[in-house]
Amino acid sequence: MKLLNIFIWIYANIDLWLAIQKAEKAYRGEYVIGENADKSPRYLVKNTRYYVMPDENSKLIIMHRRNMHRLRVKGVMSNEAKVKHLLRESFYFTPDGSGNKIPDGLKAYKRKKYIEYSITMFHRRREEKRRMRLLSRKIKKTKNKHGLH
């Protein structure tokens with residue numbers, strides 16, 4: 001494994017651990033999301049299953065079923081997306097209302113998949129930056145060649 005991949009591995013583990021901690025805190029109902037009309041703190045609903053998923057920028061987000069419904073209504077997410085897809089595509093999920101936890105084998109598998117995803121996305125972004133840099137150099141050369149500034 002390259003040294004760079006080791007650093008990505010470390011960062012991905014820390015990033016996933018922090019996201020899992022946030023999801024667990026939300027599941028326990030300790031996550032403050034605002035304030036009520038009487039200025040008391042407003043918490044997320046307890047015992048709701050939360051999913052740790054990447055967003056469009058490959059950052060981990062915590063979402064639950066109602067968030068997914070809102071995204072589908074707004075047209076951000078496809079209407080074909082279902083809760084079973086959240087279970088399959090998420091990198092972690094909290095227990096459901098009845099307390100069914102994620103099995104340890106599945107947890108290890110999903111952690112491995114997130115690390116592979118992080119390494120792949122890092123190299124993909126790096127290649128894209130390199131292509132854009134080469135493209136901008138070509139554009140500058142063309143402008144200078146034709147006397148455009």
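**A walk around the sheet**

Start by selecting the strands β4, β3 and β5: these 3 strands make an open sheet in the order β4-β3-β5, with antiparallel pairing. The outer places go to β4 (60–64) and β5 (92–93), edge strands that each pair on one side only. Strands and helices here are DSSP runs numbered from the N terminus (E, at least two residues, for strands; H or I, at least four, for helices), and two strands pair if DSSP finds at least two bridges between them.

Before going on: this is a predicted model, where local features need pLDDT of at least 70, side-chain atom pairs count only at pLDDT 80 or more, and totals for chains, interfaces and linings use all residues. Residues are numbered from 1 along each chain as its sequence is written, and side-chain values use heavy atoms, with hydrogens and water left out.

Now zoom in on β3 (residues 50–54), which is joined to β5 by 2 bridges, the two running antiparallel. Pick Val52 and look across to β5: Tyr92 stands opposite.

Next, bring up the helices. Helix α1 (residues 3–28) lies across β3, β4 and β5, at about 150° to β3. Helix α2 (residues 65–74) lies across β3 and β4, at about 95° to β4. Those angles run from 0 to 180 degrees between N-to-C directions, with axes fitted to C-alpha atoms, for helices over the stretch in contact.

Stay on α2 and select Arg72, which lies in this helix. Arg72 is buried yet has no salt bridge, and the nearest side chain of opposite charge, Glu80, is 9.1 Å away. (A salt bridge puts a side-chain nitrogen of Lys or Arg within 4 Å of a carboxyl oxygen of Asp or Glu; Lys and Arg count as positive, Asp and Glu as negative, and His and the chain ends are not counted.) Neighbours within four places in sequence aside, Arg72 is in contact (heavy atoms within 4.5 Å) with Met77, Ser78, Asn79, Ala81 and Lys82.

Two loop stops come next. Most residues other than glycine have a negative phi. Asn47, in the loop between β2 (41–43) and β3, has a positive phi of about 55° and is partly exposed at 43% relative accessibility. Ser58, in the loop between β3 and β4, has a positive phi of about 65°, but is buried at 13%. Buried means under 20% relative accessible area, exposed over 50%, partly exposed in between (1.4 Å probe, protein chains only).

Last stop: select Phe91, Tyr114 and Tyr117, which form one aromatic cluster.

Conventions
Phe/Tyr/Trp six-rings, centres within 6.5 Å; stacked < 30°, edge-to-face > 60°.
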